[in-house]
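Read it with the coordinates open.

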Amino acid sequence: MDKFLSYIGLARKAGLAGIGTEEARSHVRCGKAKLLVSSAEAAESAKKRARDMASHFKVLHIETAYTMEQLGKAAGRAPAAMLTIDDDGIAKAAMKQLKGDN
């Protein structure tokens, strides 16, 4: 598993992740989310809602190349179109991995 996906697992194990569309939306709306992640396979309408919601609530949003299966597996759950990381440090470390700033 790559490092970005391992940060998702770490966040989930620490209770600092919202896995799945409804849970992720809830975490964004209540101010827990620091990073909103969308799967490459998420429907375009879902990605647009995620972008709009992230913009409105001022949460960083990324659309990854990861599949729903990969995101769900990293979180120890069923396939997930979106998820949140709710810790600043984990979110920053995960973003650093995506940017290649190892």
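The buried residues of helix H2 are covered by elements that include S1, S2, H3 and S4. The model is a predicted one. The points below start with H2, move to H3 and end with the sheet.

**Helix H2**
- H2 runs over residues 21-29, and its buried residues are Ala24, Arg25, His27 and Val28.
- Looking down the H2 axis, these buried residues stay within an arc of 165 degrees, so they line one face of the helix.
- Buried means under 20% relative accessible area, and exposed means over 50%.
- By that cut-off, Glu22 and Arg29 are exposed, on the other side of H2.
- Gly31 follows H2 and has a positive phi, near 90 degrees.

**Helix H3**
- Ala46, Lys47, Ala50, Met53 and Ala54 are the buried residues of H3.
- Seen along the H3 axis, they fall within an arc of 130 degrees, so they too line one face of their helix.
- An α-helix has 3.6 residues a turn, so residues three or four places apart point the same way.
- The buried residues of H3 pack against H2, S2, S3 and S4.
- Exposed residues Glu44, Ser55 and His56 sit on the face of H3 turned away from its buried side.
- H3 has 14 residues, which should span 20 Å at 1.5 Å a residue; the end C-alpha atoms are 20 Å apart, so the two values agree.
- Just after H3, Lys58 adopts a positive phi of about 55 degrees.

**The sheet**
- The sheet is open and holds four strands in the order S1-S4-S2-S3, with mixed pairing.
- Its edge strands are S1 (17-19) and S3 (60-63), each of which pairs on one side only.
- On average, neighbouring strands are turned by 15 degrees against each other, direction ignored.
- H3 (residues 44-57) packs on this sheet and touches S2, S3 and S4.
- The direction of H3 makes about 160 degrees with that of S3.

**Strand pairing**
- Strands of a sheet pair through backbone hydrogen bonds, either parallel or antiparallel.
- S2 (residues 35-38) and S4 (residues 82-85) are antiparallel, and four bridges join them.
- Among the residues in these bridges, Val37 has Leu83 of S4 as its partner.

Conventions:
Residues are numbered from 1 along each chain as its sequence is written. This is a predicted model: local features need pLDDT of at least 70, side-chain atom pairs count only at pLDDT 80 or more; totals for chains, interfaces and linings use all residues. Side-chain values use heavy atoms; hydrogens and water are left out. Two strands pair if DSSP finds at least two bridges between them. Helices (H or I, at least four residues) and strands (E, at least two) are DSSP runs, numbered from the N terminus. Axes are lines fitted to C-alpha atoms, for helices over the stretch in contact, and angles run from 0 to 180 degrees between N-to-C directions. Contact means heavy atoms within 4.5 Å. Buried means under 20% relative accessible area, exposed over 50%, partly exposed in between (1.4 Å probe, protein chains only). The arc is that of the directions from the helix axis to the C-beta atoms. The expected span of a helix is 1.5 Å times one less than its number of residues.
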